[in-house]
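Please open the model in a viewer and keep the selection panel at hand.

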Amino acid sequence: MKFDIDIPPVIRFGRKCRFALPSLLPEGPLLFICGKHAVPRIEKEMLPLLSGREVYIRCGFKGEPHLDEVEELLAFARSKQIKAVAGWGGGSAMDGAKAVAALLPETAPVADFFYNRAAAQDRRIYLILLPTTAGTGAEITANAVLTDAGSGIKQSLRTAGMAADAALVDPELVQECPSSVMAASGFDALTQAMESFISLKANALTRSLSRSAVRDIFLNLSRACAHDEKAVDAVTLGCLNAAVAFSRSGLGAVHGVGHPVGSLLSVPHGIACAVLLTEVLRFNAPVCGEALDELAVTAGLADAEELIANTELLRKELQIPADFKPYGLNKTHYPFIIQNCRSGSMKCNPRNMSDAQVAELLEKLT
Ligand SMILES: [Fe+2]
């Protein structure tokens with residue numbers, strides 16, 4: 001057995017671990033890139049601990065950061081000679097922070113890196129990430145999902161050295177997340193846990209993390225949406241474990257197809273995952289039934305069929321739609337989705353999905 005894994009060198013988990021932030025930062029101006037709901041807490045809790053230091057706060061991504069938003073942040077960060085970036089928020093804020101930290105020393109436009117016309121050097125500034133949702137796992141992964149508003153293309157920017165220097169995973173920050181966001185982001189984390197378990201690139205370490213994540217998220221997500229503290233802790237931990245797993249194992253067809261659907265129809269990522277998950281599990285079951293049976297047992301269920309049925313029940317209970325009808329999916333969208341779903345995630349799916357099979361999957365959800 002052989003495996004290797006690359007994760008941030010400092011990971012702290014637990015209520016109030018966010019207060020380690022000041023002690024971890026290097027000298028020099030600091031830029032918070034955050035969700036707008038995070039601003040009052042940063043101002044109240046962090047600014048007094050950072051007195052004497054130049055601190056700037058920028059917020060306000062509505063979805064995945066757009067290339068021009070990242071460009072604007074980079075210009076600001078360069079003008080202030082920023083030495084450390086703290087991403088504090090959901091996946092979008094953290095991905096924006098990662099892109100800024102990775103590209104700050106560069107001169108070429110963001111689009112050149114996004115479309116692989118240029119490669120960034122591994123010489124970015126200090127990056128610390130604090131998630132406020134239990135979902136994307138962006139605090140662990142070495143990529144940032146960005147959108148080109150012009151072309152509608154949403155994909156991962158991957159550059160050298162994008163992994164954070166530190167991730168502070170504090171369930172108290174997740175606790176205040178609105179129920180609907182908890183439900184959608186929790187389904188993203190559940191999808192990541194399941195897809196990483198059955199991924200073609202999974203290994204012994206990632207599988208044990210994925211298994212534990214499926215159990216923690218599946219058994220606690222409903223109560224976490226009602227803001228039960230222990231359940232929030234469990235879902236936050238599950239999300240972290242799933243992220244460490246999929247950062248190495250990759251994901252699958254839910255994420256492959258979910259990204260172009262999301263960018264084309266503005267479907268929030270967690271909702272796209274929740275809508276696609278059970279249909280993709282059914283598609284995959286013929287080649288990974290045993291693995292799904294194993295996950296079912298982990299979650300206290302009998303077999304793969306019961307796992308899929310209960311995942312569907314959980315989606316209904318959390319009031320997430322069963323298909324993409326509310327987002328207006330129709331046949332004219334299929335060519336774009338088929339053309340843009342062949343990502344790294346798709347390559348990890350345990351069963352090859354042809355273009356015709358992607359169309360069949362979309363038919364069921366239209
Ligand atoms: Fe995801």
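Select Gln 81, which is exposed, with a relative accessible area of 56%; exposed means over 50% relative accessible area, buried under 20%, and partly exposed in between (1.4 Å probe, protein chains only). Gln 81 lies in the loop between α3 (67-79) and β4 (84-89); helices (H or I, at least four residues) and strands (E, at least two) are DSSP runs, numbered from the N terminus. The phi of Gln 81 is near 50°, a positive value in a residue other than glycine. Most residues other than glycine have a negative phi.

This is a predicted model, in which local features need pLDDT of at least 70 and side-chain atom pairs count only at pLDDT 80 or more, while totals for chains, interfaces and linings use all residues. Residues are numbered from 1 along each chain as its sequence is written, and side-chain values use heavy atoms, with hydrogens and water left out.

His 227 has a positive phi of about 70° although it is not a glycine. At 31% relative accessibility, His 227 counts as partly exposed.

**The metal site**

Select the iron ion. Which residues coordinate the iron ion? They are Asp 188 (OD), Gln 192 (OE1), His 255 (NE2) and His 269 (NE2), at 2.1 to 2.2 Å. Donors are N, O and S atoms within 2.8 Å of the metal (3.2 Å for Na, K and Ca); water is not among the atoms, so the site may look incomplete. The angles among the four donor atoms run from 80 to 159°, and the site is irregular. Four donors count as tetrahedral if all angles lie between 85 and 135 degrees; four count as square planar and six as octahedral if opposite donors are over 155 degrees apart and all others between 65 and 115; anything else is irregular.

Along the sequence, the donor residues follow the spacing D-x3-Q-x62-H-x13-H. Two of them link distant parts of the chain: His 255 belongs to helix α10 (residues 253-265) and His 269 to helix α11 (residues 269-298), 14 residues apart. Both His 255 and His 269 are buried.

**Helix α15 and its surroundings**

Select helix α15 (residues 355-364), whose buried residues are Val 358, Ala 359, Leu 361 and Leu 362. Viewed down the axis of α15, these residues fall within an arc of 160°, so they line one face of the helix; the arc is that of the directions from the helix axis to the C-beta atoms. The buried residues of α15 pack against α10, α11, α13 (334-340) and α14 (344-348), where contact means heavy atoms within 4.5 Å.

Then pick His 333, in the loop between α12 (304-317) and α13. His 333 counts as buried at 16% relative accessibility. Leaving aside residues up to four places away in sequence, His 333 touches Leu 264, Leu 265 and Gly 328.

**Buried strands**

Display strand β8 (residues 166-169). Ala 166 and Leu 168 point one way from β8, Ala 167 and Val 169 point the other way, and all are buried. In a regular strand the side chains alternate between the two faces of the sheet. Strand β1 (residues 10-13) pairs with β8 in the parallel sense over four bridges; two strands pair if DSSP finds at least two bridges between them. The bridge partner of Arg 12 in β8 is Leu 168. Strand β5 (residues 126-131) is joined to β8 by two bridges, and these strands run parallel. Leu 129 stands opposite Ala 167 in β8.

Now select strand β2 (residues 30-34). Five of its five residues are buried, so β2 is largely enclosed by the rest of the structure. Leu 30, Phe 32 and Cys 34 cover one side, and Leu 31 and Ile 33 the other. Five bridges join β2 to strand β3 (residues 55-59), and the two run parallel. Leu 31 stands opposite Tyr 56 in β3.

**A buried alanine**

Select Ala 99, in helix α4 (residues 91-103). At 0% relative accessibility, Ala 99 counts as buried. Beyond residues up to four places away in sequence, Ala 99 touches Val 70, Ala 144, Leu 146, Leu 157 and Met 162.

**Cysteines**

Finally, select Cys 17, which is buried at 12% relative accessibility.
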